[in-house]
Amino acid sequence: MSSQPLLSVRDLQTQFVSDGRVIKAVDGVSFDVRPGEILGIVGESGSGKSVTALSVMGLIPWPPGRVVGGSIMFEGEDLRAKTQAQMRRVRGAGIAMVFQEPRTAMNPVFRIGEQMTEVIMLHRKMSRAEASGEARSMLDRVHIAEPGRVMSAYPFELSGGMLQRVMIAMELALRPRLLIADEPTTALDVTIQAQILRLIRELHDEFDLTVLFITHDLGVIAQLCDRVMVMYAGAVVELSPVDALFHSPAHPYTRKLLAAVPSVVDTRNTLRSIAGDVPDLADLPPGCRFYDRCDLRQPECRLAIPDLRKVGEDHTARCVLPNAISP
Amino acid sequence: MTDASLSPAVRRHQRPMSAFWRRFSTNRSAQIGFLIVGVYLFFAAFGPWVAPYDPLAGSLRMRLAPPSTEFWLGTDDIGRDILSRIIYGARVSFIIMATAVAIGLVIGVLIGVVGGYFGGIIDSILMRIIDVMLAFPSIFLAIGIVAALGPGFFNVIVATGLFSVPQFARIARASVLSLKEREFVEAAHASGESTFNIISLYLLPNSLAPLMVQTTLRMSTVLLTAAALSFLGLGVQPPTPEWGAMLSNGRTYVMIAPHVATYPGLAIFIVVIGFNLLGDGLRDTLDPRMKQ
Amino acid sequence: MTNTALIKARDLSKHYTVSTGRFGAKGVLKAVDAVDIDVHEGETLGLVGESGCGKTTLGRLILRLIEASGGSIEFAGVDLTALPQRLVKPYRKDIQFIFQDPYASLNPRMTVGTAIRRNLDIHGIGQRRERPDRVASVLRQVGLMPEHAGRYPHEFSGGQRQRIAIARALATEPRLIIADEPTSALDVSIQAQILELLQGLKEKLGLTLMFISHDMGVVRQIADRVAVMYLGKIVEIGSKEAFFAKPLHPYSVALRGSVPVPDPRNRETVPPLEGEVPSPLSPPSGCRFHPRCTHRMPRCRDKTPHLRPSGERDVACFLY
C-alpha cells in the first residue's frame with residue numbers, strides 16, 4: 001500500500017456485441033498492480049479475466065468489443081486517452097504480454113533471431129549487432145541451451161514449451177515494467193508448465209519484474225502469486241493475499257471453487273462441485289451474480305450487487321456476509 | 001449428486017432458425033436478392049394468369065411496335081407481346097435451372113461424398129474426372145455436350161446439369177473431408193453406425209449450408225449458360241419463349257427496335273443478380289466464417 | 001470378482017509409418033509400443049501421461065476405432081483383434097466411449113434425443129416403442145430432463161453436453177466406458193460435477209471405467225488404479241493409494257511433482273524435470289526416459305526395462 005501502484009484500473013467496463021446482444025464481459029472491475037508483485041487473476045471461462053488483460057493492453061478488437069468505461073492508469077498515465085500509435089509504444093517497452101498460444105504470436109515465415117532482433121532494435125534503439133547480442137543473452141537467461149540454434153530456427157521447428165520461453169525472452173528483452181501473462185502455461189504439459197512457472201518466478205526475483213498472471217488454475221496461483229483476484233461473470237468477487245485466499249477464503253464462490261479443485265496431495269477425498277452454470281453475460285441478474293449457485297444466499301442478495309467489503313488485512317470480498325463465514 | 005444437476009438452466013439461446021433470420025434481416029443485399037428471386041418465382045408459377053397476351057400469338061400488323069400502354073414492353077418481329085413472352089419465359093428458364101441444378105447437385109454430391117469419405121484410389125479416379133471437366137471453360141463444356149446431343153430443351157438441361165457436377169462434387173468432398181475427422185463422426189463409428197447412416201445422418205446434414213449456397217449461386221450460372229446456348233441457337237428452339245433465344249432474335253433489330261433485345265437481356269441480368277445476391281447473403285448468414 | 005480382467009491387452013502396439021519430411025524419408029512412429037494392460041471388472045483405471053505419450057491411442061485401440069499393428073485385446077475372454085470389424089459391432093454395445101470435447105462429439109444437426117436413440121436403434125435394444133422411455137430415463141440418470149430430448153446440442157453448456165454424451169453412452173447398458181479426457185475442456189466447477197456424476201453412475205450401475213487424463217489431480221479423484229504412460233510405454237501401474245503415497249518410477253515422481261498444488265504454504269521446492277519429451281519418431285534407446293532421468297545407470301541406455309512387480313504394483317525401471 002505504501003508505494004504508488006504501477007497499474008491502476010478503476011471501474012473497467014468492456015462490452016461485446018454479438019447477434020444484437022450486449023455482452024458485459026467485464027463489468028466494473030477495479031484493481032491495482034503494485035510494483036514488484038505477482039498479481040494473479042483467476043476465474044473460469046467467461047469470468048472476464050482475459051478480457052481485462054486485453055483491455056489494459058488496448059487490444060480489444062472493435063467490432064465486436066469495446067472498452068466503454070473506467071480508467072486504466074499505468075505509471076500515472078491514462079492509457080485509455082492514448083492513441084493507437086502511443087499505445088504501440090506502451091506495449092513492449094512499458095507493458096509486455098505473453099499469450100496462451102505463442103505460436104500465433106510469432107510470424108511463421110521469419111527466423112526466431114530475426115524477429116527478436118527486429119523488435120529489440122525498434123524498441124531499444126540498438127544497432128542490429130547489439131540487438132542480436134541482446135537477443136542471444138536473453139535466450140540464455142531463459143535457459144535455452146543452444147541460443148544460436150534456436151535463433152536460426154523457424155517457429156514451427158520449436159516445441160510449444162520452447163516457443164513460450166522464446167516469447168518470454170523476447171518480451172523481457174524490451175525491459176518492460178509490467179509483464180502480463182495470459183494463461184501462458186495452459187497449452188503446455190505439466191512438466192513443461194513447471195519449468196515455465198519456475199522461470200517466471202526466477203525472472204521476477206532477478207529483474208524485480210512486476211507480473212500480472214492470468215490463469216484458470218488455482219494450483220498455479222498458489223505456487224506463483226503474491227496476491228490474487230478472483231473473477232466471476234465479469235466482476236471481481238475477492239481480492240486477497242495468496243495465503244489468505246487459500247486458507248481463509250471469504251466469498252462463497254472462492255470457497256466452492258477451492259473445494260472443486262482436484263489435488264494430488266489433498267487428504268480430502270471427495271470433490272464438491274458447484275451446481276448450475278455461469279449466468280448469461282447478456283442477461284445478468286440485478287443482484288449478486290453468484291446468487292443462483294450460492295448456498296448462503298440472502299433475500300437482499302437478489303436486489304443489488306454487494307460492494308467489495310474489507311474482510312481482513314488487504315483482503316476484500318464482494319459478499320454481504322463475508323464475516324459470517326467461518327473459514 | 002443429482003441435486004447439482006437437476007436445475008440445468010438450459011441456455012435460452014436462440015434457436016438456429018431465429019438466429020438465421022436475425023442475421024438475414026440485417027443483410028441488405030440478401031434481402032434485395034430474396035425480393036428479386038421471389039418476384040421471379042411468382043412469375044414462373046403464375047405466368048399464364050398474369051401475362052396480358054398469348055406469348056405465341058402475334059399479329060404481323062403490330063410487328064416491332066415500340067413500348068406503349070397497349071404493349072408495355074413493345075412487340076417483336078412477328079408482333080408478339082414481349083412482356084408476355086418474358087413472363088412465360090420465366091417458367092421456361094426456371095424449369096431448366098431447377099432441373100439442371102438438381103441433376104448437378106445429386107450427381108455432384110454423390111461423387112463428392114463417395115470420394116471424400118472412402119478416399120484412396122476411388123477418390124483419385126473421381127477427382128481426376130472432375131479435374132478434366134473443370135479444365136474446360138464451362139461454356140465450352142456445355143456447347144460440347146449440346147453439340148454431341150443435339151440442340152433442344154431437354155439437352156440444354158442435361159448439358160447445364162452435367163457441367164454443374166464438378167462444383168457440387170468439390171464442395172461436397174471438401175465438406176465431407178473436414179467433417180469426417182470431427183469427433184461426432186468418430187463417436188458414430190464408435191457406437192457402430194453403418195457407413196450409409198454415417199453419410200446420411202452425420203455428414204450430409206452438416207454439409208447443407210455450403211451446398212445451399214452453391215445451389216443458389218449455381219442457379220444464376222445455369223440461367224446464364226442456358227440463355228447463352230439458346231442465343232447461339234444450340235438451346236431451346238423457337239417459338240418457345242426463352243430469354244436467350246429472344247435476345248438472339250432481337251439482335252437483328254437492335255438498330256431499329258432496340259427494345260426487342262433490351263428487355264429479355266434486362267430480365268436475364270436482373271434474375272442473375274438476384275440469385276447471386278441471395279447466394280452471397282445466404283453464405284454470410286448461414287456461416288459467417290465462410291465470409292471472405 | 002474384483003480381479004477378473006474385463007479387458008486384457010497383451011503386447012498391444014500401434015505403429016504409424018510417417019514421412020519425416022526430407023526427401024520422402026519414412027520413419028516409424030511407435031504411438032503405443034508393446035503394452036500389456038488389464039482393466040479389472042468394476043474398477044476405474046486412470047491412465048495418465050503427457051501429450052503424445054499414446055494414452056489416447058491406447059483407448060481407441062481397445063475400442064478398435066483404430067486397428068492395432070500387433071498384439072491382442074481380450075474383452076471378457078473374447079479376442080477382439082481376431083474378429084472382423086463386422087463381428088466387433090455386438091461388442092460396441094458393451095464398450096462405450098466418451099470423448100474429450102463435448103462441443104465436437106455431438107452431431108450439431110441431431111437432437112439430443114435422436115443422438116441417444118441412435119445408440120439403441122443401432123444395437124436393436126428394447127422394443128421400438130419403448131425406446132423413447134429409455135431415452136428419457138438415461139437423460140434423468142445424468143441429471144437432465146426428458147424434455148431436453150427435443151433440443152439441439154448448441155442449446156446446452158459444455159457441462160450439459162458432456163452429460164448428454166454420458167447419457168448416450170449409458171443407453172446401451174455398457175459394461176465398460178472408456179472416457180478420454182472427458183473433463184479437460186470444462187471449467188473446474190463443472191469438471192467436479194461430471195466427475196461426481198461418473199463416480200455415482202459407476203457405483204450404481206457397476207460399470208468399469210477406463211479414465212484417460214493428463215491431470216493427476218483428476219485421476220486421483222476418480223481412479224482405483226493408476227497407469228502412467230511415457231512415449232508409448234506404461235512405466236508404472238498400481239493402486240491409487242500406493243501410487244500417490246509414493247510413486248516409484250522416476251518419471252511418475254517428476255510428473256506428480258510438476259502438478260501445481262493449490263496451497264501457497266506448500267510451494268514446490270524440487271527442481272522441475274529438465275528437457276522435453278523426445279520425438280516419438282526417434283525415441284531414446286533402452287529406457288525411453290533415461291536422457292531426462294536423474295537416477296540413470298549405464299544399463300538404462302542399452303536395455304529396455306519391462307514392467308515388473310514391486311510390492312503392490314508394477315514398475316518398468318531397473319531401480320526396482
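These are my notes on a sheet in chain A and a helix pair in chain B of a predicted model.

**Ground rules.** The model is predicted, and local features need pLDDT of at least 70, side-chain atom pairs count only at pLDDT 80 or more, and totals for chains, interfaces and linings use all residues. Residues are numbered from 1 along each chain as its sequence is written, with chains lettered from A and ligands numbered from 1 in the order in which they are written.

**Sheet, chain A.** I looked up the strand order and found an open sheet of eight strands, β6-β7-β8-β3-β9-β10-β12-β11, with mixed pairing. Strands are DSSP runs of E, at least two residues, and helices are runs of H or I, at least four, numbered from the N terminus. Two strands pair if DSSP finds at least two bridges between them. At the edges I noted β6 (95–98) and β11 (309–312), each pairing on one side only. The twist averages 25 degrees from one strand to the next.

I then checked β10 (residues 235–241) against β12 (residues 315–317): they run antiparallel and two bridges join them. A:Glu238 has A:Ala317 in β12(A) as its bridge partner.

**Helix pair, chain B.** I looked up α3 (residues 82–118) and α8 (residues 195–231), whose axes come within 9 Å and cross at roughly 140 degrees. Axes are lines fitted to C-alpha atoms, for helices over the stretch in contact, and angles run from 0 to 180 degrees between N-to-C directions. α3(B) and α8(B) are therefore oblique to each other (under 35 degrees is roughly parallel, over 145 roughly antiparallel, 65 to 115 roughly perpendicular, the rest oblique).
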